Amino acid sequence: SAVAEMEIADAYLELNLATEAARIYERVAPTFASLGMRAEQARALAQGGRAALLLGEMDDAHHRLSQARTLYAAEGNAVGEAYVTLAEAQLHHAEGDHAATAVLAAQAEAPLSDAGAWRRLLLARWLRGEAARAQGQERLAQILLESTLRDAEAQALPQVAERCLTSLGLLAAARGDRERAEDFFKRA
């Protein structure tokens, strides 16, 4: 039943019903721990960390993600660790730590690519581009965001494409290119 509850929590999280999801993850993680189901426990902790991030509970998010990383590492699950690393990059992005965002997103890319996890891979690349933009590395940001946009469109991932277009609009606006910025924002 804990597995079924976690599936419900995952659906809640995808619908941005973070409060409901967080409650379930908090309830099922100890159940998985008591049953020795480490992979499921790690997933519940990682997803609980993402829910905490959405709720603005940054300390809780850091704690849960750290626990999840430890469990995935003990299992030798490189893809699970990459998933946590990506969530940590998102957490640092939300906190405004762009240097850490870039490093963590870059670390997540290879395992996500090897696993064929396109949505998460492109999200990591967008985070790198967004971090470069925020740090004033305009050329690097432009290259990363444009290539990620092309791949997001090719993979039919409109959520990632929208993020890239918004970041490219912000980049153009910062350069004073209002016409191009407006075009990117309209496309987003």
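Reply: A156 is exposed, with a relative accessible area of 59%. The model is a predicted one, and A156 lies in the loop between α8 (138-154) and α9 (158-174). The phi angle of A156 is near 55°, a positive value in a residue other than glycine. N16 also deserves attention: this residue is not a glycine, yet has a positive phi of about 60°. N16 sits in the loop between α1 (2-14) and α2 (18-34) and is exposed, its relative accessible area being 57%.

We now turn to the helix pair. Two packed helices are described by the angle between their axes and the distance between the axes. The pair here consists of α5, which covers residues 78-95, and α6, which covers residues 98-114. Their axes come within 8 Å and cross at roughly 160°. Because angles over 145 degrees count as roughly antiparallel, α5 is roughly antiparallel to α6. The crossing in which α5 passes α6 is left-handed.

Which residues of the two helices make the contact? On the α5 side they are A78, V79, A82, T85, L86, E88, A89, H92 and H93. On the α6 side they are H98, A100, T101, L104, A105, Q107, A108, P111 and L112. Sorted by class, the contact of α5 with α6 has 11 nonpolar, six polar and one charged residues.

Terms used
Residues are numbered from 1 along each chain as its sequence is written. This is a predicted model: local features need pLDDT of at least 70, side-chain atom pairs count only at pLDDT 80 or more; totals for chains, interfaces and linings use all residues. Side-chain values use heavy atoms; hydrogens and water are left out. Axes are lines fitted to C-alpha atoms, for helices over the stretch in contact, and angles run from 0 to 180 degrees between N-to-C directions. Helices (H or I, at least four residues) and strands (E, at least two) are DSSP runs, numbered from the N terminus. Angles under 35 degrees count as roughly parallel, over 145 as roughly antiparallel, 65 to 115 as roughly perpendicular and the rest as oblique. A crossing is left-handed if the near helix is turned anticlockwise from the far one by less than a right angle, and right-handed if clockwise. Contact means heavy atoms within 4.5 Å. Ala, Val, Leu, Ile, Met, Phe, Trp, Tyr, Cys and Pro count as nonpolar, Asp, Glu, Lys and Arg as charged, and the others, Gly among them, as polar. Buried means under 20% relative accessible area, exposed over 50%, partly exposed in between (1.4 Å probe, protein chains only).
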